[in-house]
Amino acid sequence: MERSWKPNVTVASVIERDGRFLMVEEHTADGLRFNQPAGHVEFGESLVDAATRETLEETAHGFVPEYLVGIYQWTVPASNLTYLRFAFGGAVGDEQPGRTLDEGIVRAVWLTPEELRACRERHRSPLVLQVVEDWIAGRRYGLELIRHHPV
């Protein structure tokens, strides 16, 4: 049987410090949008390693995932493009001055939940606010739920 549809597996990092969340503002086909530090899992990479890498590349902050916040499935309206997002919470380090951010990333910015709710039309997807709301609600699951078998 031929399989023609596959979801895009992505990771995101929900990082809170002093009541603010670390977000990225990035260029997209729909203009400037806000997102968590996030991206696609590379071949052979674990979900946890992907979250660490993407956070560093997009924000210049080190990140150590400590929890799984949730697993989210979203299909882009009027398309067959589906994302399967694994969102992680954890410990963030200080910004590494002078580190270049990934192409397309305009800036890393700390926003309050109220600021995020007020600009939801500028979110990359509805998953952005859902992940934050789940974090605020206390959703934290142990990383032992995830099993990675290296290539």
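# Close-up views of a predicted model

View 1. Thr55 is buried, its relative accessible area being 0%; buried means under 20% relative accessible area, exposed over 50%, and partly exposed in between (1.4 Å probe, protein chains only). The model is predicted: local features need pLDDT of at least 70, side-chain atom pairs count only at pLDDT 80 or more, and totals for chains, interfaces and linings use all residues. Residues are numbered from 1 along each chain as its sequence is written, and side-chain values use heavy atoms, with hydrogens and water left out. Helix H1 contains Thr55; helices (H or I, at least four residues) and strands (E, at least two) are DSSP runs, numbered from the N terminus. Leaving aside residues up to four places away in sequence, Thr55 touches Ser13, Ile15, Pro37, Ala60, His61 and Phe63, where contact means heavy atoms within 4.5 Å.

**View 2. Strand E3 and its partners.** Of the 9 residues in strand E3 (residues 20-28), 7 are buried. E3 pairs in the antiparallel sense with strand E2 (residues 16-17) over 2 bridges; two strands pair if DSSP finds at least two bridges between them. Glu16 has Phe21 of E3 as its bridge partner. The E2 and E3 hairpin has 2 residues between the strands, and Asp18 in this hairpin takes a positive phi near 55 degrees. Strand E8 (residues 105-111) runs antiparallel to E3 and is joined to E3 by 6 bridges, with Glu26 opposite Ile105. Strand E4 (residues 31-35) is also antiparallel to E3, over 5 bridges. E3 and E4 form a hairpin with 2 residues between them, and Thr28 stands opposite Gly31 in E4.

**View 3. The hairpin of E6 and E7.** Strands E6 and E7 pair in the antiparallel sense over 12 bridges. Tyr72 has Arg85 in E7 as its bridge partner. There are 6 residues between the two strands of this hairpin, where Ala78 takes a positive phi near 60 degrees.

**View 4. The largest nonpolar core.** This core has 18 residues, and those with the most contacts inside it are Val14, Phe21, Met23, Val69, Tyr72, Leu111 and Leu116. At least two core residues come from each of E3, strand E6 (61-75), E8 and helix H3 (127-136). H3 gives the most, with 6 residues. A second, separate core of 10 residues includes Ile15, Leu22, Phe86 and Phe88. A nonpolar core is a set of buried Ala, Val, Leu, Ile, Met, Phe, Trp, Tyr and Cys residues joined through side-chain atoms within 4.5 Å. Not counting residues up to four places away in sequence, Leu116 touches Phe21, Met23, Leu111, His123, Leu129 and Val132.

**View 5. The largest pocket.** The volume of the largest pocket is about 620 Å³. On a 1 Å grid over the protein atoms alone, a pocket is an open set of points where a 1.4 Å probe fits, with protein on both sides within 12 Å along at least five of seven lines; lining residues have an atom within 4 Å of a point. Grid points are joined across faces, edges and corners, and the volume is the space filled by probe spheres set on the points. The lining has 28 residues, of which Glu26, Thr28, Asn35, Tyr83 and Arg124 lie nearest the pocket centre. By class, the lining has 9 nonpolar, 9 polar and 10 charged residues; Ala, Val, Leu, Ile, Met, Phe, Trp, Tyr, Cys and Pro count as nonpolar, Asp, Glu, Lys and Arg as charged, and the others, Gly among them, as polar.
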